[in-house]
Every structure is written in C-alpha cells, then in structure tokens.
Amino acid sequence: MPSSRPLRSDARGNREALLAAAREAFLTGDADAHVKEIARRAGVAIGTLYRHFDTREALVEEVYRQEVDELCAAPGELLGRHAPDEALRRFLLLLVEHAAVGKGMAVALESIMATDSPVFDDARTQMEQALDQLLEAGTAAGTIRDGVSGRTLLRALGGICGMRPTEGWRDEAVHITAILFDGLRFGAPDAR
C-alpha cells in the first residue's frame, strides 16, 4: 500500500510520468498497454511503477480519478470568466468530452468495474456537485430555470454520453446537449 508521506521531488516526477504515460496509452486506444510498456514510456523501471501503484487497476483508477478531478475543478474557473449560463453550457460540453475520454478508456476501466473501488461513485458525486454549483449560479442570475439538480442533469447527460460510439456520435451528443441546455434556460426570468 502506498505511503501517505509526501513524495520526494524525484519520486513525484516518476509518479507523474507514469500517470501521463498511462493516460496517453489509454486515451489513444491502447487500453491493453502492459505495465512494462507504460513504465518504458514513462522512462522508469517496472519496480518504480509498482512502488507507486500496487496493481495495474490502481494505475487505471488513478488516471481516471485525475481526469475527474481536472474536470470538476473547471466550474470555478468558468464562472470567473463567463456569465453563469455560459459557464454551464461550456461545462456541459466538457462533460461530453469527458465521456469521449471515458470511451477511450472504457476497456481499461472495465478492469476496475468489478472491484469494490469507490472511484465511480466518487466521480458521480463530484460531477453532481460541480453541476449544482453552476445551476445555482445560473438560477441566482435568473438565466437558468429553478428546480433542476446536478444529479438530475447528470442523469440526463448520462443518456446522451452513453450513446454507442458510432461515427459522428460526438457531434450528435453536442447537438443533443445544446437542446438540453436550451431547456434549462426555458422559463428562466432573465434567459437570453
């Protein structure tokens, strides 16, 4: 089990290199990349990989967790740069892109679906909270209708983003997301 002590800078660099190599492999469709190949791409020995990640599944889980953390950090930045309704629209599109990333990682993620890992429940909770933040800001500004929760909106997006990845699915998902967004503005006091 990895230590909770802070990592030395060289160990932290090795861990970051491993995560970057794994992320690139999984997202480019090499979901079956062997840990030896990931270590080689990161420029470290296989023992270094196992010092940071006990199993391949632990590595996959951490790559996914990083993706979700980066995604769910976006609302604050978006709200700082855009009106609340535009921030929400942009975040919805980031969620569609996250789904595309998830489809690239789907095979790799299957390895942790059968475990007791809380990673998916944690991700869902983070995404719901991010959506709640944006919905509340939009409601307060009068540009988003009241009475929609992050959980409900995430469930709606789940249907959109869960579409089978056929040619053009991303364009269709973006189009359906735009329709959903229009529905969130319908009936808002100050909707444009």
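On one side of helix H1, Ser9, Glu16 and Glu24 are exposed, where exposed means over 50% relative accessible area, buried under 20% and partly exposed in between (1.4 Å probe, protein chains only). Helices (H or I, at least four residues) and strands (E, at least two) are DSSP runs numbered from the N terminus. The model is a predicted one, in which local features need pLDDT of at least 70 and side-chain atom pairs count only at pLDDT 80 or more, while totals for chains, interfaces and linings use all residues. Residues are numbered from 1 along each chain as its sequence is written, and side-chain values use heavy atoms, with hydrogens and water left out.

The buried residues of H1 are Ala11, Leu18, Leu19, Ala21, Ala22, Ala25 and Phe26. They lie on the same side of H1 because they cover an arc of only 165° around the axis, the arc being that of the directions from the helix axis to the C-beta atoms. An α-helix has 3.6 residues a turn, so residues three or four places apart point the same way. H1 spans residues 9-27, and its 19 residues reach 27 Å from first to last C-alpha, close to the 27 Å expected; the expected span is 1.5 Å times one less than the number of residues.

Glycine 13 lies 9.9 Å from alanine 42, C-alpha to C-alpha, although 29 residues separate the two in sequence. Glutamate 62 touches Arg15, Leu19 and Phe53, leaving aside residues up to four places away in sequence; contact means heavy atoms within 4.5 Å.

Helix H4 (residues 56-72) packs against helix H7 (residues 119-141) at an angle of about 5°, with the axes 10 Å apart. Axes are lines fitted to C-alpha atoms, for helices over the stretch in contact, and angles run from 0 to 180 degrees between N-to-C directions. H4 is therefore roughly parallel to H7, a term for angles under 35 degrees. Among the residues that meet are Tyr64, Val68 and Leu71 in H4 and Phe120, Met127 and Ala130 in H7.

As a whole, the protein has 9 helices and 0 strands. Of its 192 residues, 39% count as buried. Residues 24 or more positions apart account for 69% of the contacts with a separation of 6 or more.

Methods: Angles under 35 degrees count as roughly parallel, over 145 as roughly antiparallel, 65 to 115 as roughly perpendicular and the rest as oblique.
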